Amino acid sequence: MLKSTLDRIVRSHRNVTSSCSISISSISGVPKEKVDCVVIGAGVVGLAVARELALKGREVLVLDSAPTFGTSTSSRNSEVIHAGIYYPTHSLKAKFCVRGRYLLYKYCSEHNIPHKQIGKLIVATGSSEIPNLHNLMHRGIQNGVDGLVMMEGSEAMRMEPELACLKALLSPLSGIVDTHSLMLSLVYLSPLIPIWVQGEAENHGTTFSYNTTVIGGHIQQNHPCLHVSGTKTLENWNRKFPLQPEMILIPKLVVNSAGLSAPALAKRFDGLRTEHIPPSRLARGCYFTLSNTTICPFRHLIYPLPEDGGLGVHVTLDLNGQVKFGPDVEWIDGVDDVSSFLNKFDYSVCTNRKELFYPEIRKYYPNLKDGSLEPGYAGIRPKLSGPRQSPVDFQIQGEDVHGITGLVNLFGIESPGLTSSMGIAEHVATRFFRG
């Protein structure tokens, strides 16, 4: 099934890959096919990268183990467009958040993607937090974020009568976006105009193969070769015998945008030195929704000061007016490679965790009533640092780092990954894939 599926895919690529002279024979009997560009992962970053490469005339193949796009981190976040305040100056997070915000607002406006620039208030609820709030404002200005305003608590509370704070930093450039509509647009708009065939999306510029898992790879003549298996085969694997690929793809260019499983996948690339693969940590975050109210208590996003591992339990509004609180931070481990490839994470929301939410939310929303929080959803963030460690920047590794031609690894693309997606895509397509 997988071979016949990928046979159809690679036939559409042969006109641009016939000049590739790489040949491999290390895994006998496994079908091998040459392709131009492969993007591993159909989350919002992978989709943005695929679009950017296709716009530059590349033939792009997107592989994802799920039955459709955006089933992991991209569909389990706050859907916030960040301004670029939190991140160290000159970091990739700061650079791509600021650039990505501009590109994202522009794209959403041009393609009628539901979004709204509603602004954000970052609040200090105790006097000890005020210096940190001023530090955030200074950092945001250094990062090129325009329009930041430091406000007295009284002024902020006139804007938001349900709010309680001593001071607040207004970020008017922050907003919200319908992430699913954004991803739909990235998939469907030219040059990504798919034709559905047995669960796949195919077109002349970009081809999608869902239910298709990259389980590892090897390096041949300093080029990456991808080991591919059908997701069903992987799900039925009994683990008594070594995992074997059903096909080997030989791309000229490959972007590992596998999100939560990107480091685990990189470790299964025979020939990629392990010192170039950062240790990864996973942090689950739960969201609770506000019930028993017909009137939204806030018009802006409301954020406390950042906490260890995240930005704090904040107020997020979606485009339908629903109020969400979250995410919290729960460090998780013990997830094996194959389970991560298949997105077999625990996304359940423990109802009892709401008891931890009430006191945190009431620091800035004291009128929150008992019994008004209901379980929403959970997401998992792919971090490169753990508890009580300083946050680590995005890692975007090309040949200049690991020495392998045509391989780009994207590690630790957590928040602000959604906002940064088009900035990252622009960078990858411009820096690594010229010509």
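Let's start with strand β1 and strand β14 (residues 247–256): they run parallel and are joined by eight bridges. Here strands are DSSP runs of E with at least two residues, helices are runs of H or I with at least four, both numbered from the N terminus, and two strands pair if DSSP finds at least two bridges between them. Before going on, a word on the source: this is a predicted model, where local features need pLDDT of at least 70 and side-chain atom pairs count only at pLDDT 80 or more, while totals for chains, interfaces and linings use all residues. Residues are numbered from 1 along each chain as its sequence is written, and side-chain values use heavy atoms, with hydrogens and water left out.

Back to the pairing: Val39 has Val255 as its bridge partner in β14. β1 also runs parallel to strand β2 (residues 60–63), with four bridges, and there Ile40 stands opposite Leu63.

So how enclosed is β1 (residues 32–40)? Seven of its nine residues are buried, so the rest of the structure largely encloses it; buried means under 20% relative accessible area, with a 1.4 Å probe and protein chains only.

Now, friends, over to Gln397, which sits in strand β22 (residues 395–397). Gln397 counts as buried because its relative accessibility is 5%. Its side chain makes a polar contact of 3.0 Å with that of Gln395; that term means a pair of N or O atoms within 3.5 Å, one able to donate a hydrogen and the other to accept it, and residues adjacent in sequence count only if both atoms are side-chain atoms. Beyond four places in sequence, Gln397 touches residues including His276, His402 and Phe411, contact meaning heavy atoms within 4.5 Å.

Technical notes. Buried means under 20% relative accessible area, exposed over 50%, partly exposed in between (1.4 Å probe, protein chains only).
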